[in-house]
Amino acid sequence: MNVPKTPTGSPVLWALSADSGGALRARARRLRDRLSATAEWHPADIAAALARTPAATARRAALVAEDRAGLLERLDALADGRGMPGLAEGPGPGAAGFHGAAFVFPGQGAQWPGMAAELLDSAPVFRRSVDACAQALEPFLDWSLMDVLRALGGTVPLDRADIAQPALFAVGVSLAALWSAHGVEPAAVLGHSCGEISAAAVSGALSLDDSARVVARWSQAQATLTGRGDMVSVLASTTELRPHLASFDGHLVIAAVNGPRSVIVSGDADAAAELVERLTAASVHARRIAVGLAAHSPHIDAVVPRLHADLAPVRPLPARLPYYSGLTGDLIAEPVLDAAYWARNLRNTVRFDRATTALLRDGHSVLLEIGPHPVLTAALRESADTCGAPARVTATLRRGRGTGRSSSPRWGSCMCTAPPRTGKRPSPGPAPAPWSRPAARRAATPRTAFPGTATAVCPRWRAARTRWRTPGIRWRTLRTRWRAPGTRPCPPGERRTGRSARS
């Protein structure tokens, strides 16, 4: 079959779902036959139509390719029960024991020069989100976020906390938007140190403007301590490490426990250097982290009053997603992420290991690190192995490979274990989400979604919501309803008229 390529410019994900494996293959066969007989169709239109399909089913599959020919080839494979790269099949939300994905945001250390340059040019969703983050950060920065993310000549280095942390925040929030645009939406969030600020923005626990204030002022306060301390990564348990720290009389403390055998030590620079020498001599892996300050240690006491003052305007919001805290090491039922919380967060030990265990305990079997380079995946896997929880741990980008194409094989595999896309925007808080999706064109797909039912891929009636905000006017919702072409009118008892109402 000669199919024009119709390149999309970036990988496209199609998600199909059904009540059983046989029904899923039959649906793939019907869709393949329909598209093969149709000359004019675009992969993005089909993706949008499939995203509106009922998703609470026992099986689903994800197909990832860059053009029409590749997607049809994967439809053939799915219809025939064959496997191939770019095709993943797994349990759907209606399957027994189905659990969602948790988005995990790393702290400082994942950054690298040019980490967002390629995505800024190739992924419009990513670019729009970075633009929104740059606008929110602008009142607090005297440097260009875009220039730093593109690694343009003359920009300040990424080893400074007040540069690296806002840049990581923008990349984390925007990568989360990109994953969501490809059908993998978070069921929970967890952040490590400054990664908690990205988690707060994505979960809705803070508005984007307040999140930008926190990450900017948080990192600028730390920058005043540069040169006074250091941090060391140690591959050992806390039990093994504590005897080595005892001789330093409080000049070194445990800053973070990432996993059963992954610990971060923080404190005076000369003491940190001596610790690395001692542990290396004892055949314990230890290395200095390129941070140049002692976060999560008594050094932070000097900037706590400044943090309380700088972050006083922050107004926490109810989180839209379960929020797991590295500060408490557990789920926070009603997070109040005010100035006091962020001051304690920067001063106290990060209990990332406990928070990971809580995620696994609550059934989140997919742990997805949202950052420019994986720095937590090893600790996540180790925690999963220790508590005996079956989990899939994966990352997004890697150093030197800052493009969504390197992540496209993972979109499908995560889609088959992650929560379904609802096709709706997140409920708006005081400010709209920075990555609002544009409306997709309607596409013709086979009307019968599942055998033996009258359910259609495009239902007879669908609610469309348009939200807007203008100065002095509260959020309002306009609801309209339309009938899909070729379907019978709605029965009298179902018909509703359009109306506007306050949300």
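The model is predicted, with local features needing pLDDT of at least 70 and side-chain atom pairs counting only at pLDDT 80 or more, while totals for chains, interfaces and linings use all residues. Residues are numbered from 1 along each chain as its sequence is written, and side-chain values use heavy atoms, with hydrogens and water left out.

Me: What percentage of the 503 residues in the chain is buried?

Reply: A residue counts as buried under 20% relative accessible area, as exposed over 50% and as partly exposed in between (1.4 Å probe, protein chains only). By that cut-off, the buried part of the 503 residues is 54%.

Me: Which element gives the largest share of the lining of the second largest pocket?

Reply: A pocket is an open set of points on a 1 Å grid over the protein atoms alone, with protein on both sides within 12 Å along at least five of seven lines, and its lining residues have an atom within 4 Å of a point. The second largest pocket has a volume of about 650 Å³, and of its 31 lining residues the closest to the centre are Gln108, Asn258, Ile264, Ile289 and Val375. Two or more lining residues come from each of strand E6 (229-234), strand E7 (252-259), strand E8 (262-268), strand E9 (286-289) and helix H15 (377-387). The largest share, four residues, comes from H15.

Me: Which residue in E8 does Ala256 stand opposite?

Reply: Strands E7 and E8 run antiparallel and are joined by six bridges, pairing being assigned if DSSP finds at least two bridges between two strands. A hairpin through two residues links E7 to E8, and seven of the eight residues in E7 are buried. Within E8, the residue opposite Ala256 is Ile264.

Me: Is Val350 buried or exposed?

Reply: Val350 lies in the loop between helix H13 (339-347) and helix H14 (352-361). Leaving aside neighbours within four places in sequence, Val350 is in contact (heavy atoms within 4.5 Å) with His192, Ser193, Ala255, Ala256, Val257, His296 and Gly326. Because its relative accessible area is 3%, Val350 is classed as buried.

Me: How many Å apart in space are Val350 and Val263, C-alpha to C-alpha?

Reply: In sequence, Val350 and Val263 are 87 residues apart. Their C-alpha to C-alpha separation in space is 9.8 Å.

Methods. 1 Å grid on protein atoms, 1.4 Å probe; cavity = no way out; pocket = protein on both sides within 12 Å on 5 of 7 lines; lining within 4 Å. Points joined across faces, edges and corners; volume = space filled by probe spheres on them.
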